[in-house]
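Work through the exercises below with the structure in view. Try each task before you read its solution.

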Amino acid sequence: LFDWPLLAEQDYLVRLAGVFAFFAVIISYPIASGTYDAPDEALLRLLASAMGGVGVTLALVIRLVLGYSFVADRLKSDIVYFETEERRPNSGLGLTRLGYERQGDTWIKPPEIARRDFLIWEFSVAPVERRLQNTLKGMAGVFVACFVVFNTMDSNTSYDPRFITSETHLQELLNPSNEKVANNEAARLRERGNKPAYCYSRYYQAVAGGEANCKD
């Protein structure tokens, strides 16, 4: 995994695309299809599955960023920690021979090793960090864009029984004076076959025990 950012640009992107495709198509899309199963919700299904794929890939990139950040910190720092007496009793003596000076639980690098490590970071690790940061920003932008479009493309979903998240929305839906909301929900149900609302969620269908009423 940690050698991916060291690959050529195309190979690196192909691997990230493979992770995205697997989680978006194989994992997220079946779940999204079970939630957004109406014919007019195709875009919602695609956006939901895309967010699932991007989310996992984003988490993977964050793991890479943290790993390389740890390596960079050790290379740039003049004072580092080594496990010595706890697991390798002779390693402390070896560090002393290399010129390290002990300072409590840490070791001070000799000047030549400190300069060498800084050059390793500057020419080998820093470019990888920049690539990962650019990837992180790009994927975060894609995720935010999908999320915004997902939440703004259909304002009526806030009244759909599957998506009600507050008592305020529920009361607005039940309010007899709010005729527009009631008509929108009635039209939505007619398009889906005029079945009870719980038929369009596997979870609420199971809770209601109304499987028989949901059959075509």
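**Exercise 1. Find the handedness of the crossing of α1 and α2.**

Solution. The crossing of α1 and α2 is right-handed. The model is predicted: local features need pLDDT of at least 70, side-chain atom pairs count only at pLDDT 80 or more, and totals for chains, interfaces and linings use all residues. Residues are numbered from 1 along each chain as its sequence is written, and side-chain values use heavy atoms, without hydrogens and water.

**Exercise 2. Classify the packing of α1 and α2 by angle.**

Solution. Take helix α1 (residues 9-35) and helix α2 (residues 42-76). They pack at about 140 degrees, with axes 7 Å apart. Therefore α1 and α2 are oblique to each other. (Under 35 degrees is roughly parallel, over 145 roughly antiparallel, 65 to 115 roughly perpendicular, the rest oblique.)

**Exercise 3. Describe the aromatic pair of Phe2 and Tyr68.**

Solution. Rings pair if their centres lie within 6.5 Å; planes under 30 degrees apart are stacked, over 60 edge-to-face, the rest tilted. Phe2 and Tyr68 are 6.2 Å apart, centre to centre, with 45 degrees between the planes: tilted. Phe2 lies in the segment before α1 and Tyr68 in helix α2, so the pair ties together parts 66 residues apart in sequence. Now check accessibility. Tyr68 is buried, at 11% relative accessible area; Phe2 is partly exposed, at 34%. (Buried is under 20%, exposed over 50%, partly exposed in between, with a 1.4 Å probe and protein chains only.)

Key
Axes fitted to C-alpha atoms, helices over the stretch in contact; angles between N-to-C directions. Helix = DSSP H or I, 4+ residues; strand = E, 2+ residues; numbered from the N terminus. Left-handed = near helix turned anticlockwise from the far one by under 90°. Phe/Tyr/Trp six-rings, centres within 6.5 Å; stacked < 30°, edge-to-face > 60°.
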